[in-house]
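Here is a short report on one protein chain. It begins with a local detail and ends with the whole fold.

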Amino acid sequence: MNYETFFETALDDLRAQGNYRVFADLERHRGAFPRATARGETTGDVTIWCSNDYLGMGQHPTVLDAMHTALDRCGAGAGGTRNISGTTHEHVLLEAELADLHGKESALLFTSGYVSNWAALGTLAGKIPECVVLSDALNHASMIEGIRHSKAERMIWKHNDLADLEAKLASLPLERPKLIAFESVYSMDGDIAPIAQICDLADKYNAMTYLDEVHAVGLYGPRGGGIAEREGLMDRLTVIEGTLGKAFGVMGGYIAASADLCDFVRSFASGFIFTTAIPPAVAAGAAASIRHLKASSSEREAQQERVAQVRAQLDSIGIPHVENPSHIIPVMVGDPHKCKFISDKLLQDYGVYIQPINYPTVPKGTERLRITPSPVHSDADIAHLIGALEELWAQCQLARMPLAAQ
């Protein structure tokens, strides 16, 4: 085999399908999010409209001050794995903040949300004898990979379909270990799981629950604990998993659960044992962000206002977007080439950055622009975005929603 030819052909196929991904070279402006400078082929100032830094906490002075202080006090890196190099005090403080946030006995840090799902699900399902994992059909790739890694039996239940979930639970012996794995906010369509009803089924059929709250922590609930906190359900969930890299504005992942469950994962998960810990300065920044959002709801309220404003203006010009109860606005294009074209033109001609979401992230025919308004987008930013989309929608001859149906 000619290996280079194989690589080249595979990449050419992606380009022909409109699914080849090009990274935008962006330099964010400290203290001025969502502003950034584009480098590379497209240059100039841009406004970011697709960041998962949902509340702009990656630029918040409290977070930056905490990171600078920890960097000056502790240095740059963690020195290696926590088993070998020791746990820094910043990790201890952060895990305590996370346990408190979710009303759990304990929490365990990982290097990313992806790793926390992969390691925790892989360990729990793999080590509990005869465990069956019941996984929502639209679970994130990290959850799917963790379940596969466990080699446990798995059942895929239709997305948010309680009847299908119950049918699968009922087909299993009551005494057999079961783990229901699902998300609260699904990142591509922005829909929300029926958490209470899933917990009811878990109680009825003697199952554990594993809830991924990565797109909800910081954003929902009186202290930012997620959808489960908002709905008063945190105590009913076996494991709550989250990220520090989205609404909290830094990086890292975690689980929150009982002390014994977290200790079990800490003791057996290769994805924890054999990887370098996040730097102390990152842990300090995350803890500061969590503390701030526990006490402040102004960022959440402002974000919800901006989301409603963008939705209303999209409706006013008939741009189709998926209705959902969350902060995620999927603007539906339905064609990979046009989706990428619109994304490219937004950046090149309008100074607006929205990455196209194409297959395999979403099914073919559902290509979209995923817009995530934040509290720091201004009225002028929104007006500019809507005007640009209206012009490009006309240029691409894409269908609009009838105004009378809105």
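Helix α14 (residues 336-350) lies across β13 and β14. Its angle to β14 is about 45°. Helices (H or I, at least four residues) and strands (E, at least two) are DSSP runs, numbered from the N terminus. Axes are lines fitted to C-alpha atoms, for helices over the stretch in contact (heavy atoms within 4.5 Å). Angles run from 0 to 180 degrees between N-to-C directions.

This is a predicted model: local features need pLDDT of at least 70, side-chain atom pairs count only at pLDDT 80 or more, and totals for chains, interfaces and linings use all residues. Residues are numbered from 1 along each chain as its sequence is written, and side-chain values use heavy atoms, without hydrogens or water.

## The sheet

β11, β14 and β13 form an open sheet, in that order, with antiparallel pairing. Two strands pair if DSSP finds at least two bridges between them. The edge strands, β11 (329-332) and β13 (356-357), each pair on one side only.

β13 and β14 (residues 368-371) run antiparallel and are joined by two bridges. Ile357 has Arg368 of β14 as its bridge partner.

## The whole chain

The protein chain has 15 helices and 14 strands. Its C-alpha atoms fill a box of roughly 60 × 55 × 55 Å along the principal axes.

Of the 406 residues, 54% count as buried, meaning under 20% relative accessible area with a 1.4 Å probe, protein chains only. Among contacts with a separation of 6 or more, 71% join residues 24 or more positions apart.

Conventions. Buried < 20%, exposed > 50% of the residue type's maximum accessible area, 1.4 Å probe, protein only.
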